[in-house]
Amino acid sequence: MKLEGQTIVITGASSGIGAEAARKVARLGGTVCLLARRADELEDVRAGIEATGGSAYAYPVDLSDTVAADAVAAQLLAEHPWIDALVNNAGRSIRRPIKESLDRVHDYERTMAINYFGAVRLTLALVPRFLQQGHGHVVISSSMSTQVPIPLFSAYLASKAALESFTRSLTAELGHDGITSTTVYFPMVRTEMSGATPIYQAMPMLSADKAANWLVKAIVDKPTRVTSLPGAMGELSMAALPGVVTKVSQPLFRRMDKSLAKRVRD
Ligand SMILES: NC(=O)c1ccc[n+]([C@@H]2O[C@H](COP(=O)([O-])OP(=O)(O)OC[C@H]3O[C@@H](n4cnc5c(N)ncnc54)[C@H](OP(=O)(O)O)[C@@H]3O)[C@@H](O)[C@H]2O)c1
């Protein structure tokens with residue numbers, strides 16, 4: 001029961017990685033506050049946790065709605081005397097070539113609205129509590145695709161990179177006051193999000209259950225990052241030879257997409 005007595009806020013807890021992580025955190029003794037838009041799905045996760053002896057609270061909210069997000073933050077603070085960790089996991093992805101996005105600035109705005117501003121708003125609201133307690137841990141669900149140059153996800157990856165940078169600044173500035181953070185660089189995970197791209201059916205992926213272990217590790221051990229080995233190697237090679245890596249990877253990704261499309265067709 002490594003998380004006994006701790007209260008953990010998890011956004012994006014109605015499905016996928018967030019829902020699995022909430023169940024695991026509750027099994028470790030943590031009280032979980034579950035945030036997402038779909039009230040029925042959230043309630044299923046909450047009821048499942050309570051049925052197995054855990055403690056969970058559901059907060060249906062659209063975190064890209066600034067008024068609703070402020071209200072839910074105030075409610076969390078009022079209803080929980082301490083909050084030990086915030087997992088900024090809610091997110092949306094858009095896979096679209098830049099050439100097809102020329103008149104779609106709104107794609108960039110709506111990914112930022114949830115992936116970046118939604119997470120920043122909630123984090124800022126909880127910072128005073130973290131300072132008052134003398135501790136608080138912020139986890140973000142990011143992507144291995146920010147560690148290497150990846151095509152077709154420019155809106156999504158820019159929002160994740162912005163959140164990574166914010167989180168780094170948070171610890172750089174407030175680490176000495178007890179505020180720590182972990183960036184989790186997930187590889188592809190089989191969830192509703194990745195399922196929206198048909199060719200990814202043919203791609204080997206982490207299960208949501210296994211991916212949730214990465215979030216649990218981030219909450220329990222509080223490392224600066226949780227990454228795959230290929231992600232870490234990608235970062236190293238980008239630091240050493242960014243031009244070469246960017247050039248060499250371009251035809252590789254085109255070939256990968258063609259091969260996945262063929263496997264799905266066959
Ligand atoms: N799957 C992957 O391959 C992969 C790879 C790298 C990183 N990630 C990241 O992992 C995180 C979890 O994604 P997932 O794969 O588990 O996909 P998912 O099942 O689609 O989960 C996304 C979660 O975010 C919530 N959400 C979306 N928009 C929201 C909003 N406006 N307000 C509140 N909640 C909102 C969704 O709930 P509602 O719809 O109920 O609001 C859902 O619970 C995301 O941040 C994603 O970017 C995923």
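Guide: What follows is a description of the ligand site. The model is a predicted one, in which local features need pLDDT of at least 70 and side-chain atom pairs count only at pLDDT 80 or more, while totals for chains, interfaces and linings use all residues. Residues are numbered from 1 along each chain as its sequence is written, and side-chain values use heavy atoms, with hydrogens and water left out.

Around the ligand there are 30 residues, each having a heavy atom within 4 Å of it, and those that come nearest are Arg 37, Asn 89, Tyr 156, Val 189 and Thr 191. By class, this shell holds 13 nonpolar, 12 polar and five charged residues, where Ala, Val, Leu, Ile, Met, Phe, Trp, Tyr, Cys and Pro count as nonpolar, Asp, Glu, Lys and Arg as charged, and the others, Gly among them, as polar.

Turning to polar contacts (pairs of N or O atoms within 3.5 Å), a polar side-chain atom of Tyr 156 is 2.5 Å from an oxygen atom of the ligand. The side chain of Ser 14 places an N or O atom 2.8 Å from a ligand oxygen, whereas at Gly 91 a polar backbone atom lies 3.3 Å from an oxygen of the ligand. Of the 880 Å² of accessible area that the ligand has on its own, the protein covers 95%, as computed by the Shrake-Rupley method with a 1.4 Å probe.

The elements giving two or more residues to the shell are helix H1 (16-27), strand E5 (136-143), helix H5 (154-174) and helix H6 (192-195), with helices (H or I, at least four residues) and strands (E, at least two) taken as DSSP runs numbered from the N terminus.

Terms used
A polar contact is a pair of N or O atoms within 3.5 Å; within protein, one must be able to donate a hydrogen and the other to accept it, and residues adjacent in sequence count only if both atoms are side-chain atoms.
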